[in-house]
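This briefing concerns helix packing and nonpolar cores in a predicted model. Please consult the sequence and structure shown below.

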Amino acid sequence: HPSPLWFADSVLLAALLLTPRNRWWMFIAAQVPIRFFLVVDDGNPVWFLLVCFLNDSLKVLLSATLLTRGSSVGKWFESVRGFMKYLMIAVTPSPALSAIGGALSRGPLGSPFWLAWRQWFLGDALTALVVTPALYCFARDFRRIARTSLARQIEACLMFLGLFAGAYFAFGLSQPESSVLLVYLPVPFLLWAAVRFGLLETSGGLSAMTVLAMFWATAGRGPFASSSSDIALSI
């Protein structure tokens, strides 16, 4: 079944961006037992699992190779130029090319091409946009959390509590007919994270809010419940 957020590729891309190229093969190989033995849908044939493994690996390799060339290397989330480079590689063309292969592979399983392409592309692009930056920043900067002052840690906790509360009222309690202003309740806390903290807290807050919104939508709650139900029916 299509996934709205494909975490496996996000973890792999973050790992490749943080390690030298001569070690990339280890992270590619580490997927094999997970892909073929641990997390396997009984309804998928072996050839489809192999195609997905090759497709996803090539997509991540393409993104990582292009991102680690030229300028802005290591600064993809620290400047407008670096982030635009990231968007134009990891969020748009790489998922689009991968979705072509994914849609073709799902054709023999009965999925219409354009529906499969759209689901594959959106799942990969959304994950690259909201999950990969958080994973990358956490792996790079998590050591500084222990060095921050107690007051700073308390402020970060209050910010995240406010963000979760805002997301709950915006996406968990409100209904489609509710005021559209409720959807913007988490925004002040995201601005708080952006102004007072760094990339780690901001990207982490955005990722958490996105996951919560999708969870409540798929559970039939919140302002996006109806659209989520339509997507589920189309799948």
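Helix α6 (residues 93-106) packs against helix α7 (residues 113-130) at an angle of about 140°, their axes lying 8 Å apart. That makes α6 oblique to α7. Helices are DSSP runs of H or I with at least four residues, numbered from the N terminus. Axes are lines fitted to C-alpha atoms over the stretch in contact, with angles running from 0 to 180 degrees between N-to-C directions. Angles under 35 degrees count as roughly parallel, over 145 as roughly antiparallel, 65 to 115 as roughly perpendicular and the rest as oblique.

**The α6–α7 contact**
- On the α6 side, P95, A96, S98, A99, I100, G102, A103, L104 and R106 meet residues of α7, including W117, W120 and F121; contact means heavy atoms within 4.5 Å.
- The residues of this contact comprise 12 nonpolar, 3 polar and 2 charged.

**Nonpolar core**
- The largest nonpolar core holds 28 residues, of which L13, L17, L67, W76, Y86 and Y136 touch the most other members.
- Such a core is a set of buried (under 20% relative accessible area, 1.4 Å probe, protein chains only) Ala, Val, Leu, Ile, Met, Phe, Trp, Tyr and Cys residues joined through side-chain atoms within 4.5 Å.
- Helix α4 gives the most to this core, with 6 residues.

**Basis of the model**
- Residues are numbered from 1 along each chain as its sequence is written, and side-chain values use heavy atoms, without hydrogens and water.
- In this predicted model, local features need pLDDT of at least 70 and side-chain atom pairs count only at pLDDT 80 or more, whereas totals for chains, interfaces and linings use all residues.

Definitions and conventions
Helix = DSSP H or I, 4+ residues; strand = E, 2+ residues; numbered from the N terminus. Nonpolar A, V, L, I, M, F, W, Y, C, P; charged D, E, K, R; others polar. Buried < 20%, exposed > 50% of the residue type's maximum accessible area, 1.4 Å probe, protein only.
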